[in-house]
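Trainee: I have not seen this structure before. Can we go through its cavities and one of its strands?

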Amino acid sequence: MKYLSTRNSNLDFSFFEILFQGLSKDGGLFLPHQWPSIDVNILKNKTYQEVALEVIHPYVFNEISKNDLKKIINESYKSFSHPKIAPVTTIDQNKYILELFYGPTFAFKDYALQFLGNLFTYALPKASKKLTVLGATSGDTGSAAIHAFRGKQDINVFILHPHNRVSEVQRRQMTTVQDENIFNIAIKGNFDDCQKIVKELFIDDDLQQKTSLTAINSINWARLIAQVVYYFWAFLQIDEKEINFIVPSGNFGNVFSANVAKNMGLPINQLHIATNQNDILHSSISKGLMKKNVVTQTYSPSMDIQVSSNFERQLFESSGRDSESINHIFKEFSKNNSYTFDKNIQNDLQSCYSTTAVSNDETINAIKEIKEKYHYLADPHTATGLHVLLEKEGNLPWVSLACAHPAKFGDVIEKATGEPPVLPKDLSKFFDKEEKMTILDNNKDILKSLILQNI
């Protein structure tokens, strides 16, 4: 399996090359030259780990043996607290919730980052220098990455989060980790500012010469292939001929993983994206207008994003894999903060996805209604999808993704239901620990200096 960049389709990189690079030096994102296909029938009666092995192996073929990959996968999911790893819950006829909060940090990011952490440990001898992991988080990616990489030898981890724009639980899950290889950076700005700094540093030749800089955000392809797995797993649990998914999305990685599953042969009928009031994905797909607005703080902070990194991968697919077109689109978008897609791209986007932008009030009401009607407590990100699920009807199953444990967003849950959620023991322990973080101005050179001082 060889990989190209969305901005240079002539590249021909190996899996390990793109694993360590994370982001292509041309500013593009990596994708395989072709999609492998899987017969879903061979996955029946397999465990989550066995399904993961079959789904992921084609992407690392000839670089990681199937036996070694099996060990990496088994190590990644051994501490998950549910025997099914990612169970499906039925709430009504043809209405299901795929629960993705049974990892160490109670968020769906654990499913990819536990895998990524073990993958890096396996691959590290192939790197010529120590690894510097650099990532931006709007909430859950950071804590999942920190808990995946803490204490790992020869790996330093720098995680940026927007100062005062994540929930207290999300922040404490990051800042109470005291391992010497973990650096928490609070940037005075929003998530898009954090993400911009990360992207700028990845194409900084001076920094790349001094360390092997690698990405843990969903710009790293290895993150996405681990997320593809649970779409197959949901389908196998429901056991119908076709399936629909509703995916709450900010950075587009999770829903693009669903489309990858479809490209591999999973019989997905519809993919519906739920965004919050930061609705650039809704606008881009429903109107063909990708326009950057001011980021609004909402009850679902992990989705408070205006520039969705992974959307570039979908645009590459929708343009007929035309890297010249992608270079033009993002040059214009960078210059004008907006871009109107041509009809062919817009039509392709709409053939892949439908979208809904969910307001703060609708999020609160969905939490309340789902609790009263189905005795199910959902976090605010999950609730954006459940707002859509409540309105869905038809003969095919609709599966909405549960992104995080509701206890991570206690203030919002209390506002919606009148009472705070019960904190699991593993979450309550963070409130007794000392925090460690560095607050920095929104400036890439200041961060670059900090990284160079600590590697």
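**Cavities and a strand**

Mentor: This is a predicted model. In it, the largest cavity has a volume of about 280 Å³.

Trainee: Which residues are the closest to the centre of the largest cavity?

Mentor: The lining has 24 residues. Helices H5 (140-149), H9 (221-238) and H10 (253-263) each give two or more residues to it. Closest to the centre are Phe-108, Lys-109, Gly-250, Asn-251 and Ser-302.

Trainee: What is the volume of the second largest cavity?

Mentor: Its lining includes Ser-138, Arg-165 and Asp-304. By class, that lining has 4 nonpolar, 4 polar and 2 charged residues. The volume is about 60 Å³.

Trainee: Why is strand S11 largely enclosed by the rest of the structure?

Mentor: Buried means under 20% relative accessible area. Strand S11 spans residues 268-275. It is largely enclosed because, of its 8 residues, the number buried is 6.

Trainee: In which sense do S10 and S11 pair?

Mentor: Strand S10 covers residues 243-248. Ile-243 stands opposite Ile-268 in S11. The chain runs from S10 through H10 to S11, a right-handed β-α-β crossover. Over 6 bridges, the pairing of S10 and S11 is parallel.

Trainee: Which residue in S14 is the bridge partner of His-272?

Mentor: S14 spans residues 353-357. S11 and S14 pair in the parallel sense over 5 bridges. The partner of His-272 is Ser-354.

Notes. Residues numbered from 1 in each chain as written. Predicted model: local features only at pLDDT ≥ 70, side-chain atom pairs only at ≥ 80, totals over all residues. Heavy atoms only, no water. 1 Å grid on protein atoms, 1.4 Å probe; cavity = no way out; pocket = protein on both sides within 12 Å on 5 of 7 lines; lining within 4 Å. Points joined across faces, edges and corners; volume = space filled by probe spheres on them. Helix = DSSP H or I, 4+ residues; strand = E, 2+ residues; numbered from the N terminus. Nonpolar A, V, L, I, M, F, W, Y, C, P; charged D, E, K, R; others polar. Buried < 20%, exposed > 50% of the residue type's maximum accessible area, 1.4 Å probe, protein only. Pairing = 2+ DSSP bridges. Right-handed = clockwise from strand over helix to strand, strands pointing away.
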